[in-house]
Amino acid sequence: MKLKQSIERIMNAVFFICGMVSIAAVALITIYMVWAGLPAIVKIGPVDFLLGTVWKSTAAEPQFGILPFILTSVWGMLGALIIGVPVGVLTAVFLAKLAPPKLAALVRPAVELLAGIPSVVYGLIGMIVLVPTVMKTFDLKSGSCLLSAILVLAIMVLPNIISVSETALRAVPPEYEEASLGLGATWIETVFKVSVPAARSGIAAGIVLGAGRAVGEAMAVMMVAGNVANMPGLFKSVRFLTTAVASEMSYAADGSLQKQALFSIGLVLFVFIMLINWLLNTFLKRGEKQ
Amino acid sequence: MSHSAKRKAKATVLKVLVYGSAFLTVAVLVALLGYIFVRGIPNITWQLLSTKPSVIKDTIGILPNLLNTLYIILLTLIIALPLGVGAAVYLTEYATSKTFIKVVEFTTETLAGIPSIIYGLVGMLVFVQMLGFGSSLLSGSLTLVIMILPTIIRTTQESLKTVPAGYREGALGLGATRWYMIRTIVLPSSISGIITGCILAVGRIVGESAALLFTAGSATIIASNIFEAYTRGGGTLSVALYMYAAERGEFEVAFAIAAILLILVFLINMATRLVQVKMKQKK
Amino acid sequence: MSENAILQAKDLHLYYGETEALKGIDIAIPEKKITALIGPSGCGKSTFLKTLNRMNDLVPNVRITGEALFHGKNILDKDVDVTDLRRRIGMVFQKPNPFPMSIYDNVAYGPRLHGNHSKKELDELVEKSLRGAAIWDEVKDRLKKSALGLSGGQQQRLCIARALAVQPDVLLMDEPTSALDPGSTLRIEDLMDELKKDYTVVIVTHNMQQAARISDQTAFFLLGSLIEYGPTKELFANPKNPKTEEYITGRFG
């Protein structure tokens with residue numbers, strides 16, 4: 001009897017520890033990002049660091065301004081959403097409300113497949129197909145630019161937007177739609193005037209999720225954006241927050257201000273992502289309340 | 001234009017947009033798959049799959065990358081599976097404090113939203129440098145453990161929630177301890193959800209590159225045994241794709257790897273579907 | 001009365017958070033008899049039943065005061081081994097809840113859990129329990145088949161067999177026939193009559209006719225209080241409390 005109870009107590013503790021791992025991991029990540037990211041921000045000065053427009057980390061008199069990266073990440077995200085949101089939401093409407101079941105059964109796996117494709121594969125296709133196409137179409141010296149990155153990101157955020165929006169659209173109570181149909185509205189009018197507005201929190205959550213993916217993506221962007229620390233322009237070679245970290249990390253010397261500054265960029269990215277997470281939670285909670 | 005004509009025109013435009021978007025989504029996928037398979041599959045040769053790169057013979061082989069991918073999947077799952085399932089069990093079967101459950105669920109969602117490059121950075125700081133594991137498959141696996149934890153926790157939790165409360169009452173009513181009940185009734189009933197979580201996790205591991213680049217590196221050495229492998233650095237297939245495409249311009253190899261990755265993604269999606277169908281049949 | 005009482009509650013109060021769900025229950029339940037707990041929904045009869053084998057422990061924020069004695073020992077004491085208590089006081093639930101395993105494994109679950117792994121003993125115990133629950137003849141050729149393939153009534157009798165297999169003293173039944181058709185209900189009522197030779201049965205039921213048909217003692221609960229308790233025949237023929245009379249004549253509930 002005693003043995004049984006001690007086993008029970010031990011297992012309770014074991015499972016409790018497992019439950020704590022998530023909390024510990026988030027705490028660990030937060031602490032390390034702050035601990036590794038703050039020193040350079042303090043040394044360089046937060047204003048010079050965040051608002052400086054010149055990044056010359058290896059120059060004789062190095063400059064560490066990351067405004068180009070911040071703006072590039074913001075523009076890249078917005079660009080990806082401008083293309084990805086309409087296509088994604090409309091595809092979700094198609095899957096949830098308009099597609100004949102057989103057609104939906106073909107499209108849905110396609111969306112799942114898109115979600116599963118590794119980012120390096122998107123990057124490869126971007127490099128080989130998209131970049132030359134952009135170069136030719138706009139008569140540029142090089143097609144590795146913000147526009148190419150935006151196009152790749154737009155495809156990458158699609159599955160997030162589609163699947164979350166579709167779930168939200170499916171959760172709309174049929175009574176709403178019946179009421180609208182009963183008033184003489186056609187099905188397509190009902191979908192756009194009743195279902196889509198009713199699912200707006202969920203759709204917003206899908207968009208925010210997509211935004212998170214766009215801001216956080218590193219490898220695919222690295223392969224198509226050209227990777228020069230310019231202030232953003234649609235046809236300029238640019239560097240994102242993510243790629244700024246990735247591209248210099250492998251050769252920056254340990255303990256150097258350059259390496260510390262890279263961690264600071266990581267911290268800025270982390271703060272961005274946390275804001276997006278917070279926004280996502282707000283939308284998801286609002287969706288649940290409805 | 002009359003009001004009803006306007007209405008009709010508007011409806012038509014909307015329909016065209018909706019169908020057009022869905023078509024575009026599928027078209028992008030088909031074009032992507034087609035292009036990669038056409039350029040990749042002819043380059044998948046036995047020599048590519050079965051050798052390591054040789055400078056002397058000037059050949060490229062991806063055997064080390066295949067092995068590294070396998071090793072990383074193995075170790076990551078061995079660690080993450082018990083942790084993730086355990087966390088899910090705690091949340092659904094043991095935890096009584098609503099606040100605690102909320103905090104864990106919130107942190108799990110947060111982990112799911114953190115981009116892989118951040119995992120790479122933290123993994124480098126903690127496992128590679130602080131704990132001194134160096135750039136190795138071990139460091140890479142440990143980093144990925146944290147990354148895939150949310151996937152396993154979430155899918156397990158969902159399937160635990162579908163186990164009828166009557167099963168639990170029945171077992172406890174016979175005098176089972178909680179752990180005995182979990183071991184004999186709850187976990188066996190939710191095994192398909194746990195398997196789904198594993199498959200999804202494998203998908204993420206296979207596709208991951210940014211988190212591994214700084215923790216496991218990109219080396220292409222074949223270790224003499226599996227234990228030695230974990231102490232050494234090595235690139236997985238995705239990392240290798242990046243290296244061959246972006247750093248070395250070996251596009252034939254890159255496309256071959258891309259085709260292999262797509263086939264894996266394909267198999268993984270089919271496997272999850274199969275498990276889900278099986279699960280429905282049982283009910 | 002209290003000399004042959006196997007279960008006895010003394011001034012038992014139960015609170016869900018701030019709400020008092022049981023307001024001082026005093027009752028003595030006799031051995032090897034059927035005791036029925038009746039009353040309208042939410043009157044506390046199920047809550048009381050679940051207190052008797054501590055299934056209420058599973059509900060968060062439950063607080064209990066007073067005593068619940070089993071063979072004279074207070075089962076609410078902290079040092080009581082709940083798993084052992086539940087072995088001796090078994091429970092059958094409202095909805096049949098066989099485990100998703102074979103019929104044999106369902107019945108053997110309890111004995112195995114309490115440490116019996118001998119194939120020979122288990123075989124005997126399974127047969128004895130299934131016979132005891134009057135389902136042996138229907139399932140003896142399909143013991144290795146999943147229990148989920150049985151009909152609702154068969155599932156409930158299997159659950160009774162499962163409870164019997166751990167050789168309890170008391171069987172608590174929480175509206176065991178409310179999810180079943182009339183035919184299955186009748187079979188289970190017949191079974192209960194057999195069971196009282198060897199077991200003490202406490203049954204919660206919604207159905208007054210059922211209480212009148214099968215029980216020896218009846219307890220009427222209302223709004224968390226025990227209003228009236230006595231031999232079934234007396235209680236139904238001659239209710240002392242006007243509220244009991246109102247309820248059994250169907251004027252509310």
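The domain bounds used in these legends come from an automatic or database domain assignment. This is a predicted model, where local features need pLDDT of at least 70 and side-chain atom pairs count only at pLDDT 80 or more, while totals for chains, interfaces and linings use all residues. Residues are numbered from 1 along each chain as its sequence is written, and chains are lettered from A and ligands numbered from 1 in the order in which they are written.

**View 1. Chain A splits into two domains.** Look for domain 1 at residues 2-51 and domain 2 at 67-289 of chain A. Their centres, taken over C-alpha atoms, sit 28 Å apart.

**View 2. Where the two domains of chain A touch.** Twelve residues of domain 1 meet nine of domain 2 in chain A (residues are in contact if their C-beta atoms, placed from the backbone, lie within 7 Å). Helices here are DSSP runs of H or I, at least four residues, numbered from the N terminus.

**View 3. Chain B meets chain A.** This contact draws 65 residues from chain B and 68 from chain A. On the chain B side, helix α1 (residues 3-40) gives the most, with 16 residues.

**View 4. A UniProt span in chain B.** The unreviewed UniProt entry lists "domain: ABC transmembrane type-1" for residues 66-272 of chain B; such annotations may be inferred rather than shown by experiment. The end C-alpha atoms of residues 66-272 of chain B lie 22 Å apart, and the span is 80% helix.

Notes:
Helices (H or I, at least four residues) and strands (E, at least two) are DSSP runs, numbered from the N terminus.
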